[in-house]
Structure formats: C-alpha cells, structure tokens
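Please view the sequence and the model before reading on.

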Amino acid sequence: MNAALDPAPLDGVDEAHDPDVVIRVRGLVNRFGEQTVHDGLDLTVKRGEIIGVVGGSGTGKSVLMRTILGLQTPEAGRIEVLGEDARAGNRAARQHIERNTGVLFQDGALFSSLTVGENVQLPLKENHPELPDTFRYELALLKVKLAGLPADTISKLPSQLSGGMRKRAGLARALALDPPLLFLDEPTAGLDPIGAAAFDRLIKTLQEALGLTVFLITHDLDTLYAICDRVAVLADKQVIATAPLPEIEQLDHPWVQEYFHGPRARAARDAR
Ligand SMILES: Nc1ncnc2c1ncn2[C@@H]1O[C@H](COP(=O)(O)OP(=O)(O)O)[C@@H](O)[C@H]1O
Ligand SMILES: [Mg+2]
C-alpha cells in the first residue's frame, strides 16, 4: 500500500507497517437503508491472539466479519487484512486474503448434498486445482482428524452428523488451506455446555499448535473466559473497547455492566 496516500491517523506509531497487526479496521461505516449499523468503527487484531467479539444481538458482529472478509462493501472506512486492502477490487489482494483465511459461518454453511470430505476439499479444489485427487483426499482426511472427528466422518453427509460434529466439519473446511487467520461466528451456539467446552478447547489447542490468529464472535461467556486473550465490545455502532477481560469488566457502560456482571457471568468466571 502507499503510505503517502494514507489519510488515517496513526495513533502515534507507524501502524501501516506493523507486521504484528493482522486486521486493521478504521472508520468503518455500514448502513442498510435508514439503519446505520457501524458508524466510525475501529478495530485492531494482533497476530497470534484469540480476540472475542461481543455485543448485543443485532449490533453488527456478523456484518463486521463479512465486511472484513470483503463479502460486503462498506459505505466508508479502511480495512486491511494481512497487510492487504480488503476493499480493493484488486484480484491479487483478494486472493491473498482468501487463501490465508478460514471461516466458520454462523449457520455452519456446509453443502448438504456433499459429504464432509467433499466439503473440506472444496477450498482445495478452488485454490489448488493442480493437486491430484488422492492428495486432496489425504489433506481433507488430515483436517477432519485435526478437527477432532473420527476418520469415517469424511464419507458422511452433514445431515448424518450431530450439531457439534457439523461445527467440527465446518472447522475442518475452514482449516483446509492451512490459514494463519481464522474467523468463527458463534461457533458454540446451539451446542450443549459439554460440547461447547470441548469445542473451545479444540480452538485453543489449534491456535497454540498452529500459531493461529482467531477472530471469534461469541455471546458465550464461558468461551470468553476460557480462551480469549482480548475482548472487543460492539455497542453504540462502534467498538467501544478492546482489552483483556478484567479491564472490560470494569467498563462503565450499561450493556457491559449487565452482561459481565449478571448471574451467568459470575458462573462463567467461577468456572475458570
Ligand atoms: N444484508 C442485510 N440487509 C439488511 N440489513 C441487514 C443485512 N445484514 C444485516 N442486517 C442488519 O444489520 C444489523 C446487524 O446484523 P448482524 O451483524 O447480523 O448482527 P449480530 O451482531 O447479531 O451478528 C441487524 O439489524 C440486521 O438486521
Ligand atoms: Mg451474528
């Protein structure tokens, strides 16, 4: 990118060239008709962290993720992912981001008519058409096992799996290209507490073993306390704070107070 044309304030440091920043969002504006979802939103995600993104329902967490991924065009703002401009119509930049990010969408979004193995092989087919079929199959099998699924899951259809297994299959597909950056939208929603805790541990283990950076949208307090390094709070159309949990808990904001000091928060904190 051309730093000379970079109009944004740099917080006193030469942010533009910080290799430890994996995602940088500045001045993001998203609107749907009359509704303003984001209004001057800033967010910085650092290399190697699990950042938990929280906020009330409808505050724009999923829209933020989709915008960062370049799946949705914002009205204004600057977004960099892995040093590339995510908004650029630039094909090379888009391809770089796509090849280096894995995504688990809120609804899982596996193709129901394809087996787990075929689902996991899709990104490999799209991005590495030169690979022989057998090699692709072996890679898919590896990812299925990495996601904690038994090997025979590879030939099953999504409808033959439990909710927790489908999430893991979605994770296997997200990991298909060995991305350094992983996006997860409410991965433990709909799982029972034991399944959710196991999924949290899996994410943490993978993050440590593979050195991943994880952008994790969640409303699951247990997840926040168990695995997140920092938490970004969406409220009032912005990220009102990004900090480790002990600092977030102290914020003088009505939603934060209610969320982090209600009975469920107490239970999650005590369970650590
Ligand atoms: N494609 C869309 N068209 C119109 N409105 C949308 C669209 N996507 C999201 N919204 C609205 O934007 C707001 C934020 O949505 P979302 O990011 O999904 O919230 P959440 O924080 O629960 O993930 C909601 O009010 C939603 O209805
Ligand atoms: Mg959402």
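## A hairpin and a ligand site

Strands β9 and β10 form a hairpin with two residues between them, and in the turn Asp236 has a positive phi of about 55 degrees. The model is a predicted one. Strand β9 covers residues 230-235 and strand β10 covers residues 238-243; the two pair in the antiparallel sense over five bridges.

The residues around ligand 1 are Phe32, Gln35, Val37, Gly56, Ser57, Gly58, Thr59, Gly60, Lys61, Ser62 and Val63.

| Residue | Part of the residue | Distance to an oxygen atom of ligand 1 |
|---|---|---|
| Gln35 | polar side-chain atom | 2.8 Å |
| Gly58 | polar backbone atom | 2.8 Å |
| Gly60 | backbone N or O atom | 3.0 Å |

Taken alone, ligand 1 exposes 570 Å², and the protein buries 58% of that area. Two or more residues of the shell around ligand 1 come from each of the elements β2 (35-46) and α1 (61-68). Of the elements, α1 gives the most to this shell, with three residues.

How values were computed. Residues are numbered from 1 along each chain as its sequence is written. Chains are lettered from A and ligands numbered from 1 in the order in which they are written. This is a predicted model: local features need pLDDT of at least 70, side-chain atom pairs count only at pLDDT 80 or more; totals for chains, interfaces and linings use all residues. Side-chain values use heavy atoms; hydrogens and water are left out. Two strands pair if DSSP finds at least two bridges between them. Helices (H or I, at least four residues) and strands (E, at least two) are DSSP runs, numbered from the N terminus. A residue is near a molecule or strand if one of its heavy atoms lies within 4 Å of it. A polar contact is a pair of N or O atoms within 3.5 Å; within protein, one must be able to donate a hydrogen and the other to accept it, and residues adjacent in sequence count only if both atoms are side-chain atoms. Accessible areas come from the Shrake-Rupley method with a 1.4 Å probe; for residues, only the protein chains shown count as cover.
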